[in-house]
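Q: Got a model open here and want to go through a few spots. Can you take my questions as they come?

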Amino acid sequence: MSADFLVELGTEELPPKNLKFFASEFTRVIEAELAAANLEYKAVKSFATPRRLAVLVEGLTSETPSQSLTVWGPPAAIAFDKDGQPTKAALAFAEKNGIAPSELKAESDGKAEKLVARINIQGKKTVDLLENVVNEAVAGIPIPKRMRWGSKRTEFVRPVHWLVMLFGSDVINASVLGLTAGRTTRGHRFHYNNNIDLAKASDYASVLKNTGFVVADFAERSATIKQQVEAEAKKVGGVAVIDPALLDEVTALVEWPVALTGKFEERFLAVPAEALIASMKEHQKYFHVVDANGKLKNNFITVANIQSKDPSQIIDGNERVIRPRLSDAAFFFETDKKTTLASLRDRLKTIVFQAQLGTIYDKTERVAGLAKLIAGKLNADAASAERAAQLCKSDLVTNMVGEFDDMQGIAGYYYAVNDGENAEVAAAMNEQYMPRFAGDQLPATTTGAIIALADRLDTITGIFGIGQQPTGSKDPFALRRASIAVLRILVEKNLALDLRELLTFAKNQHKNLTVGDELVEQVLAYMLERFRAFFEDANIPAEVFQSVTAKQLSQPLDINQRVLAVNEFSKLPQAQALAAANKRVSNILAKQNAALSTEVNAALLQEDAEKTLAQAVSAKAAVVAPLFAAREYTQALAALADLQQPVDAFFDSVMVMSDDPALQQNRLALLQQLRGLFLEVADISYLVPNKS
């Protein structure tokens, strides 16, 4: 026997940015608790609106399954005394398992005679378990800050006013958060502000929608909003830009969504589009509209929580609300343009970047120095790089960024253009923050890439330098993200820069660091370790990455090229044999106390196999030398793969550790040459699988 189980918590308006998460956690814990109780079901549906969290479990069994258990006790030898009477151990076993002492019996468990109890556990009724299931689920929602209401001692994210718990058509006798379960839910606050009695659990979604004007299913409501918003944008000849996070937030604000299109004056389009969008999105939760070319239109789409008889009233109200917001943005923009970024820079002297690392002005000075160095390494425009670094934080003190913090960098770009700065300097104002998140675009200009690198390297070095490096759970300065950004820029923009050199320069620019000489290597190791996730995402085995990091390199572009080459090499049929040979050679050479020569005396080559290998190594050295110089590592390793047969033949027929010291040293030199060829790229001995 089975039935549908419904639980609904009716609340005051829940936090919109957390609603989806709270609903998923509520559902997850209910599923976990049902599984722990050994209760089976067909499906689970989650519901969430601003005023309710609900879960519908379809086809939930009416009781847990009965069980037959065999419990083994102490050995018979200690369970009964010499007179055959049960000992204390036997009596304790009997009491624990609900058996009369006279019914104790022993059987063989395959090893010895032991007391045994066969217990039949009757299944429990589901309705008796559901109160605990729901209470555990409520307690299991990770709510950052719980609240109390009235004189009650119960706590939840918002006051809870009603509780529905139905199993089929029956109300469950349960109490949650101080409320007694019933079958009464409530409709829309405006369209149907009445109680609704649910006949059975499965009626929940349809009754709320058809009677109560509530679309309880979050996903259904979200899809409806998306469809409506897209249709509204089409009416005005545009395309709605639907940010997933904003869509989730708007979905969490309404129970009966109705999309409406409003308009604002065209004069506001003179303001940077990003500022207008930020104002509409952050303050009003509006979706913005663009034309076919992606240019912002003077329309917005709002989602009301009511089906109005006169939608124009709602539209007019929203237009009146957005007008002063956009007027503020326009005022800030026009006011800021009257002052240049260069003249604002002195105000950065009063803003602390970090107590031990000085002001933001100090930071721009360090970034400028590092940017000039990087520009020189790349044969780029050092003057533009230095200028961009000096101005890169000036927009922090503008009115626009003060009001819309998301405009940081973007505002700087517009003001730099207004000031007449050159195109690369202006672009760098915004590009310094790229990539802002995983998968985001990289700086398009060389100057922008230089500032993005210099800014992050200064921060990473400084924070590590005062001993505040990230821990497993804390990274307040987002150094992991900064490190990954640096690696992406260097690799994807093909910039052959040495991190060790840049970090050393960055360290020397700081004045009050507490970490000593080990700082550079510490930061370098941390940053290069971020590479590991790159290669894991590309399904490159860890041992391939390890084979390259064994060389202690510090140029990310070069490291990436080597890893890709070794990964391709590892797929060749000769790879494992050559990796094993390299490991064998490494072990042999490691046992030598004295420094070994790499000069091979051809006159001392006796065996055919060693002569063949010597010739092959010499020939390959000539072939791969220009490939190494050009960093054509994949081609070089492919060429070296031909050495498998002469290497195998050498180890099959030549005794390396000959009794003749001259022969021994000559053969070791040959192996040194062989290993040296592969070490030009990586230590491929790491490709040998570890024996478990």
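Q: Start with the open sheet of three strands. What order do the strands take?
A: This is a predicted model. In it, the order is E4-E6-E5, and the pairing is antiparallel.

Q: Which strands stand at the edges?
A: Strand E4 (67-75) and strand E5 (105-108). Each has a single partner strand, so one side of each has no neighbour in the sheet.

Q: And the twist from one strand to the next, what does it average?
A: It averages 50°.

Q: How many bridges hold the pairing of E5 and E6?
A: Four, in the antiparallel sense. E6 covers residues 113-121. Within E6, Lys 114 is the residue opposite Glu 107.

Q: Which helix lies across E4 and E6?
A: Helix H3, residues 88-96. H3 runs at about 170° to E4.

Q: New topic: H24. How many residues does it have, and how far does it reach?
A: H24 has 22 residues, 608-629. From first C-alpha to last it reaches 32 Å, close to the 32 Å expected at 1.5 Å a residue.

Q: Where does H24 bend?
A: At Val 623, by about 30°. A proline, Pro 626, follows within four residues.

Q: Which residues of H24 are buried?
A: Among them are Ala 609, Leu 613, Val 617, Val 624 and Phe 628. Glu 610 and Lys 620 are buried too.

Q: What covers them?
A: The cover includes helix H25 (633-640), helix H26 (644-653) and helix H27 (661-679).

Q: What about just after H24, which residue takes a positive phi?
A: Arg 631, at about 60°.

Q: Now Ser 658. Where is it found?
A: Ser 658 sits in the loop between H26 and H27.

Q: Buried or exposed?
A: Ser 658 is buried, because its relative accessible area is 14% and the cut-off is under 20%.

Q: What lies 3.1 Å from a polar atom of its side chain?
A: The backbone nitrogen of Asp 660. Leaving aside residues up to four places away in sequence, Ser 658 touches Leu 663, Gln 664 and Arg 667.

Q: Last one, Asn 298. Which strand is it in?
A: Strand E16, residues 296-304. Asn 298 is buried, with a relative accessible area of 10%.

Q: Which backbone oxygen lies 2.8 Å from a polar atom of the Asn 298 side chain?
A: That of Phe 264.

Q: What else does Asn 298 touch?
A: Not counting residues up to four places away in sequence, its contacts include Gly 262, Lys 263, Glu 265, Glu 266 and Leu 269.

Key:
Residues numbered from 1 in each chain as written. Predicted model: local features only at pLDDT ≥ 70, side-chain atom pairs only at ≥ 80, totals over all residues. Heavy atoms only, no water. Helix = DSSP H or I, 4+ residues; strand = E, 2+ residues; numbered from the N terminus. Expected span 1.5 Å × (residues − 1). Bend = angle between axes of the 7 residues up to and from the residue. Buried < 20%, exposed > 50% of the residue type's maximum accessible area, 1.4 Å probe, protein only. Contact = heavy atoms within 4.5 Å. Pairing = 2+ DSSP bridges. Axes fitted to C-alpha atoms, helices over the stretch in contact; angles between N-to-C directions. Polar contact = N/O pair within 3.5 Å; in protein donor to acceptor, adjacent residues only side chain to side chain.
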